[in-house]
Amino acid sequence: MLIGALTTIALCWRIERRDGVTIGLTDHDRDLLIDGLVHRAAPGMTPSAIKRSDGLDADTMDVTGALTSTAIGARDLLAGRWDGARVMLFAVDWTGAAGRVELGEGLIGAVETQDDAFTAELRGASALLDRPVVEETSPECRAELGDRRCRVAMAGRRTFARLIAVDGISLTLDRAEPTANAYGAGLIRWFSGASAGLAAAIEGSEGAVIRLRSAPRTPPAPGDLVQVTQGCDKSIATCAGRFANAANFRGEPYLPGIDLLTRYPGG
């Protein structure tokens, strides 16, 4: 317990990004070493009122801070490098006395920036209860290309290439696709340049040109090394004709929809 004659409590944050980068921050006026990780002094970091309950309502809270730390910058926040990062908030005695109080844990959700400050929403573990517990029927496949349910071998379906031209959401590679629209509904991942470590969804491809679904948050540049992964439009026709994988199709393409109720003779 954090009990003493004087108030010597400091709030600390441990933030673990999905790519493995981990940083520590504290609202104390000097750095603190906790569990082998240096928590850098960040006096501008303040949490909103922390609400903890034993009910089933989703626990959320906001963390507001100044963009003064080299560890968290506006560019990385806007690029999405901190999206989904795991955050642990706790209180310690900055004098080094034993004791630690866990205050909350969650994943970074929506992030907003304004001037030289940011606000990040933390969604607690109970927020996972908002997700559907069973799958809904759909005419399209619910599996992802190459996962354990799809079972399509991805060997040879991922290719490294260099960007030779960038025009908005259209990127030109130094090699052409193996088949028509092979990278449509696929993924591009950057391995160099300002976007290194980020990924984006591909809308479609034609020859050596791929079109992204949305403009990259961090503009790429010619010469960037990327990895492009083939995609699937999740239709039964593509599954059977292109991948010969209809036996593993995870959808109901022939199940009548609700429009069946509106049909009538002569309609």
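1. Buried means under 20% relative accessible area, exposed means over 50%, and partly exposed lies in between, with a 1.4 Å probe and protein chains only. On that scale, Phe-191 counts as partly exposed at 42% relative accessibility. Across the protein, 33% of the 267 residues count as buried.

2. Basis of the note. This is a predicted model: local features need pLDDT of at least 70, side-chain atom pairs count only at pLDDT 80 or more, and totals for chains, interfaces and linings use all residues. Residues are numbered from 1 along each chain as its sequence is written, and side-chain values use heavy atoms, with hydrogens and water left out.

3. Overall make-up. The protein has two helices and 15 strands. Helices (H or I, at least four residues) and strands (E, at least two) are DSSP runs, numbered from the N terminus. Contact means heavy atoms within 4.5 Å. Of the contacts in the protein with a separation of 6 or more, 56% come from residues 24 or more positions apart.

4. Strand 1 and its partners. Two strands pair if DSSP finds at least two bridges between them. Strand 1 (residues 9-16) runs antiparallel to strand 7 (residues 86-93), and eight bridges join them. Within this pairing, Trp-13 stands opposite Leu-89 in strand 7. Strand 1 is also joined to strand 2 (residues 22-26), by five bridges and again antiparallel. There, Glu-16 has Thr-22 of strand 2 as its bridge partner. The hairpin of strand 1 and strand 2 has five residues between the strands, and Gly-20 takes a positive phi near 100° in it.

5. Six strands close into a barrel, in the order 10-11-14-13-12-15, with antiparallel pairing. From one strand to the next, the twist averages 45°. Here axes are lines fitted to C-alpha atoms, for helices over the stretch in contact, and angles run from 0 to 180 degrees between N-to-C directions. Strand 10 (residues 158-167) and strand 11 (residues 170-173) run antiparallel and are joined by four bridges. Asp-167 stands opposite Ser-170 in strand 11.

6. Salt bridges, the count. A salt bridge is a side-chain nitrogen of Lys or Arg within 4 Å of a carboxyl oxygen of Asp or Glu. By this rule there are 14 salt bridges.

7. Arg-217 with Asp-83. Their side chains meet in a salt bridge at 3.1 Å, N to O. The pair links distant parts of the chain, 134 residues apart. Arg-217 is in the loop between strand 14 (209-212) and strand 15 (225-229), and Asp-83 is in the loop between helix 1 (74-79) and strand 7. Arg-217 counts as exposed at 55% relative accessibility, whereas Asp-83 is partly exposed at 23%.

8. Arg-142 with Glu-252. This salt bridge is 3.0 Å, N to O. The partners are 110 residues apart: Arg-142 is in the loop between strand 9 (117-123) and strand 10, Glu-252 in the segment after helix 2 (236-241). Arg-142 is partly exposed, at 25% relative accessible area. Glu-252 is partly exposed, at 25%.

9. Glu-203 with Arg-213. Their side chains form a salt bridge at 3.8 Å, N to O. Glu-203 lies in strand 13 (residues 199-206) and Arg-213 in the loop between strand 14 and strand 15, ten residues apart. Glu-203 counts as partly exposed at 48% relative accessibility; Arg-213 counts as exposed at 53%. Elsewhere, salt bridges that share partners join Arg-14, Glu-16, Arg-86 and Glu-105 into one network.

10. The aromatic pair. Rings of Phe, Tyr and Trp (its six-membered ring) pair if their centres lie within 6.5 Å; planes under 30 degrees apart count as stacked, over 60 as edge-to-face and the rest as tilted. The structure holds one such pair. Phe-160 and Phe-191 form an edge-to-face pair, 5.1 Å centre to centre with 70° between the planes. Phe-160 is in strand 10 and Phe-191 in the loop between strand 12 (187-190) and strand 13, so the pair ties together parts 31 residues apart in sequence. Phe-160 is partly exposed, with 41% relative accessible area.

11. Charges over rings. A charge sits over a ring if NZ of Lys or CZ of Arg is within 6 Å of the ring centre and within 35 degrees of the ring normal. The charged end of Arg-17 sits over the ring of Trp-82, 4.9 Å from its centre. That of Arg-100 sits over the ring of Phe-90, at 3.7 Å from the centre.
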